[in-house]
Structure formats: structure tokens, C-alpha cells
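Me: Could you walk me through this one? I'd like to go slowly and pick up the terms on the way.

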Amino acid sequence: MWKKKEEKKEEVKEESLLKELCGDDAKLYDFLSSYLFLDPLAAISKKGLDILTEEGEKSGDFRPAVDKAIFEGAQNLGESERYIKVIQNLALKTIHVTEQEKEKVEKEGLTDRAASLGRRIDDQKFMSERAEDIINVASKFYDEILVELGEKARREERKGEIAKAEVEEWRIREVEQAGREARKIERREMGREERREAEKQDKRDELAAEGRREAREEARAKAEDEEKRIEEMENEGREARKKERGDN
């Protein structure tokens, strides 16, 4: 899960979520902490599971297919039996390939590498034995992750809109200031009556500009209030989902 680095705060939060879902099952937690992703939509291949399996047959690396099978199984619990068999089959293929590599490195005296391959075999055996539990926990984990990713994307979009509004506000103020300076220079060349009328018009323009600024400030305040409301709703939804997971 932590292969793809995100902000530390998010990493700790999702780590806590996985611990919550695994409970006292330390082995399941250790396994899934290496097989689940903070952003599955970005990390998991878009290729079909059959294609990834075929590529694994050629390369000896079935990990992309395993990641895909766990994610798809988590999203399709009604077909869990089929995905359990797929995961078990991928585990057997990986064990076969890994055992062959382990024999080779043992003959070469590479004990550290052999030990690492032995742990990989143990992981695959665990995955085969606990495929159903893996899919069930992954389903709850990814359900929450995908909701939060959607919230984050919308939050970033709103931040972008606010930033654009701030830039536009700065631009408007600069234009208004430039206009005032230009009119000030123009008045120096005017006669007394003309200057008096120009100053009156400037006051009217300034009052109108001030009204527009106040309207923009009010719109910004409403946007900030709406952002707080949305954040509160998201937090309430997060707590409700947590409670629902606990009840289940």
C-alpha cells in the first residue's frame, strides 16, 4: 500500500483504516499493507485481467495481475468465488516461478536472495489460503478509499476555482488603480469646471467599484461557508461509514 508515497497525514489515516478492518489479524494486515494502494485507480493497470495474466506467463511477474484481481474482486463481491479461484491460480503460478528461481540462487550460494524468495512463496501460500478474507477486507478498504479520492478531487477543484477568483480580484484591483491614476493625470490638463465634473464622475465610478468589490467579497464569504459545510458533511459521512463497518 505504501509503495506509492502520498502525504504523511493521508498515509497514516489509511494505515489506521486497514488496521481497523483487519482487527487482531496481524498476518492479514501485514499482507494487505503490501498489496493495497492509496490510489488504486492510478496504481493498478487499466489492462484486462486476462491480458495481465498472459503478460505474467511471459515475464514471470504475476504481481500486476494479482493487484488487478484483488481490486476487481473487491468491487464485485457477487463474483467473489470466481475471483478467489483467479487469485489462487495466480498464487500457484507465482509459487512455481519463484521456486524455480529459488533453486537457482541457492545453487549460486545467494542465501539472502533465497531467503527473500522463500518469503515471497510464503506470501503466495497465505494469499491462496486467505483469498476470501483478502477480498472482503479489500472491498471495505477500497470502498472508503474511492469515496475519499472523489472528495479530494472535488476539494481540489473548488480550491482551484477559489484561486482563480483571487487572481481575478487582484487583476480587477490593478485595472481600477491604473484607471484612477490615468484619470488623475488627465484632470491636470482640464479646466476648473471640467475637472469638477470629472471628480464627481470619479466618485460615482468609485462607489460603483466599491459595490462590485463588496459583492465579490460576499460571494467569497459564501464560498468559504459552503466549503466548511461540505467538509462537515464529509466528516459526518466518514464517521457514519466507520460506524457501519463496526456494526458489520
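Reply: Buried means under 20% relative accessible area, exposed over 50%, and partly exposed in between (1.4 Å probe, protein chains only). The model is predicted, so local features need pLDDT of at least 70 and side-chain atom pairs 80 or more, while totals for chains, interfaces and linings use all residues. Residues are numbered from 1 along each chain as its sequence is written, and side-chain values use heavy atoms, leaving out hydrogens and water.

Me: Is Thr 98 buried or exposed?

Reply: Thr 98 is found in helix H6 (helices are DSSP runs of H or I, at least four residues, numbered from the N terminus). Among the residues of H6 on the buried list are Thr 94, Ile 95 and Thr 98. The relative accessibility of Thr 98 is 1%, so it's buried.

Me: Which residues does Thr 98 touch, not counting those up to four places away in sequence?

Reply: Contact means heavy atoms within 4.5 Å. Leaving out residues up to four places away, Thr 98 touches Leu 117, Arg 120 and Ile 121.

Me: How are the rings of Phe 31 and Phe 126 arranged: stacked, edge-to-face or tilted?

Reply: Rings of Phe, Tyr and Trp (its six-membered ring) pair if their centres lie within 6.5 Å; planes under 30 degrees apart are stacked, over 60 edge-to-face, the rest tilted. At 4% relative accessibility, Phe 31 is buried. Phe 31 and Phe 126 sit 5.6 Å centre to centre with 45 degrees between the planes, which makes the pair tilted.

Note on methods: Helices (H or I, at least four residues) and strands (E, at least two) are DSSP runs, numbered from the N terminus.
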